[in-house]
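Thanks for sending this one over. Here are my notes as numbered points, meant to be read with the model open beside them.

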Amino acid sequence: MNSLTDNAIMLRVKDGDLDKMGLLFERYHRQLYGFLFHMTYHREVSEDMVQQVFYKMLRYRQTFTGSGQFIHWMYSIARNVLKDQGKRKQLQMQAGNAEQLADQLPGGITPEEQLEKKEARTGLYRAMEKLSDDHREILTLSRFQELKHQEIAQILNISEVAVKTRAHRALRELKNIYINAER
Amino acid sequence: MKCEQYEELFAGWINGELTPAEREKLDQHLIGCAGCREELAAMQQIWDVMAEVKAPEPSANVRVKFQAMLDTYKESVQDQKSNWDGIKEQLSRLWQWQPRWPLAYSLAILLIGLGCGYLFFHTGKGAEQDQQLKELTSQVHELKQTMMLALLENPSASERIRGVSYTSEIKHADKEVIDALLATLNNDPNVNVRLSTLDALTHLANHQEVRQGLIQSIVQQDSPLMQSAIADVMLKLQEKRSVKPFKELLKQKNLDPGVKEKINQTITQLI
């Protein structure tokens, strides 16, 4: 079953074999959670959103045409869920939330390493929180989700050149915030 | 000013997505521009820090919730698949709200009764009144029938028995009711439900199709209880046509000895 492509599986779901969505869930729920986590820095909210994304993919399975990649479709739905959530609840990231989370995550091997990594991580989260949604989104997609610029262009529905420009600006902004905070 | 043209390549350089030509072009510029070198190095540094950061793992709850959501969704889709099936299922769900239906039933009867009274005392003359009364009676009859049919679909055996017992209130059983009862007689998994169905059908034995159905049902019953009960009914109805299926039943190897004896007796009494 693993040899089946995402698109082939999703097309089966579309044809009514709803159980196949379980395979896609196994393949992508962690990645999706990672994306939503960086966009909200809220674990429970991210988990709820993972649920919503999979529900929407089931509910609107007829809109999947198979002409594009499954994950691009998945990310566009995830972005819509984020947008809805933002509108409805006025989801504001609480200051310091990301920082606290950084503390909870596992670190390096030796105590020194752990401390060093924790500091780097805390600084980075603090800086990421200060970015605009657009900038945080593009960095999350390209760095944490390891997507190519061309894929990001399809997900965001903008040109590849626009992706490169935005990615550059986002990274520059992140660097400035990060360095200024260190001083 | 010139540097801005190259900035477009920065993201690709860091991401490792530049073509060899683009890379060459940027490298050339970097050799001569300390500002861009520094900028790019700083960006690379933060890019590397980002590699250290991983999002946490979702909790195990996510999988449980997903499975629950999928199951619920599948059920809701199946509900929509066939309208008729959906209606039947909803009806049977309604039955599970015990107090409401009998209440609704009583209310409906009350309303119809009030309607009858109103018609009787306030309107029209003989023929018209009779006509309306007949209509109302047939409506009540229909209502009972629908209730009975819905009850037969209920997952609980005791509810199905209740449904079967309603037939005694239906004076003119039509084909739909008879078919439903015969289907229950032959297919219901619960022997008690089948026994009460047999009882109900015996009361309707003045219908030719009921008799026919009962006779056909003889060979389909595999429980000794049902086999001897049906023999009693046939004896009561003095149905000679049942002899043939009974003889067939006797040929079955695993037939209960007690039942065998009873059927033999029945056959002699019928002939």
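1. Let me begin where the two chains meet. Six salt bridges cross the interface of chain A and chain B, a salt bridge being a side-chain nitrogen of Lys or Arg within 4 Å of a carboxyl oxygen of Asp or Glu. Please keep in mind that this is a predicted model, in which local features need pLDDT of at least 70 and side-chain atom pairs count only at pLDDT 80 or more, while totals for chains, interfaces and linings use all residues. Residues are numbered from 1 along each chain as its sequence is written, chains are lettered from A and ligands numbered from 1 in the order in which they are written, and side-chain values use heavy atoms, with hydrogens and water left out.

2. Arg30(A) and Glu57(B) are joined by a salt bridge between their side chains, at 3.0 Å from N to O.

3. Which helices of chain A supply at least two residues each of the side that touches chain B? They are α2, α3, α6 (111–130), α7 (133–144) and α9 (160–182). Helices here are DSSP runs (H or I, at least four residues), as strands are (E, at least two), numbered from the N terminus. The largest share of that side of chain A, 11 residues, comes from α9(A). By class, the side of chain A that touches chain B has 23 nonpolar, nine polar and 15 charged residues. For these classes, Ala, Val, Leu, Ile, Met, Phe, Trp, Tyr, Cys and Pro count as nonpolar, Asp, Glu, Lys and Arg as charged, and the others, Gly among them, as polar.

4. On the extent of the interface, 47 residues of chain A and 35 residues of chain B take part in the contact (heavy atoms within 4.5 Å). About 3,900 Å² is buried between chain A and chain B, and carbon and sulfur atoms give 67% of that area. Buried area is the accessible area (1.4 Å probe) that two parts lose on being put together, summed over both.

5. Over all chains, the salt bridges come to 18. Glu7(B) pairs with Arg172(A) in one of them, with the closest N and O atoms 3.6 Å apart. This pair crosses between chains, from helix α1 (residues 3–15) of chain B to helix α9 of chain A. Arg172(A) is partly exposed, at 27% relative accessible area; buried means under 20%, exposed over 50%, and partly exposed in between (1.4 Å probe, protein chains only). Asp19(A), Asp71(B) and Lys74(B) are linked in a network of salt bridges.

6. Within chain B, Arg162(B) forms a salt bridge with Glu159(B), their closest N and O atoms being 3.2 Å apart. Both residues lie in helix α8 (residues 157–166) of chain B, three residues apart, about one turn of the helix. An α-helix has 3.6 residues a turn, so residues three or four places apart point the same way. Arg162(B) is partly exposed at 27%, whereas Glu159(B) is buried at 10%. Arg241(B) and Glu239(B) also form a salt bridge, with 3.0 Å between the closest N and O atoms; Arg241(B) is partly exposed at 39% and Glu239(B) is buried at 6%.

7. Now the rings. There are 13 aromatic pairs over all chains, counting rings of Phe, Tyr and Trp (its six-membered ring) whose centres lie within 6.5 Å; planes under 30 degrees apart count as stacked, over 60 as edge-to-face and the rest as tilted. Phe35(A) and Tyr75(A) form an edge-to-face pair, 5.2 Å centre to centre with 90° between the planes. Phe35(A) lies in helix α2 (residues 21–40) and Tyr75(A) in helix α4 (residues 70–89) of chain A, so the pair ties together parts that are 40 residues apart in sequence. Phe35(A) is buried at 0% relative accessibility, and Tyr75(A) is buried with a value of 0%.
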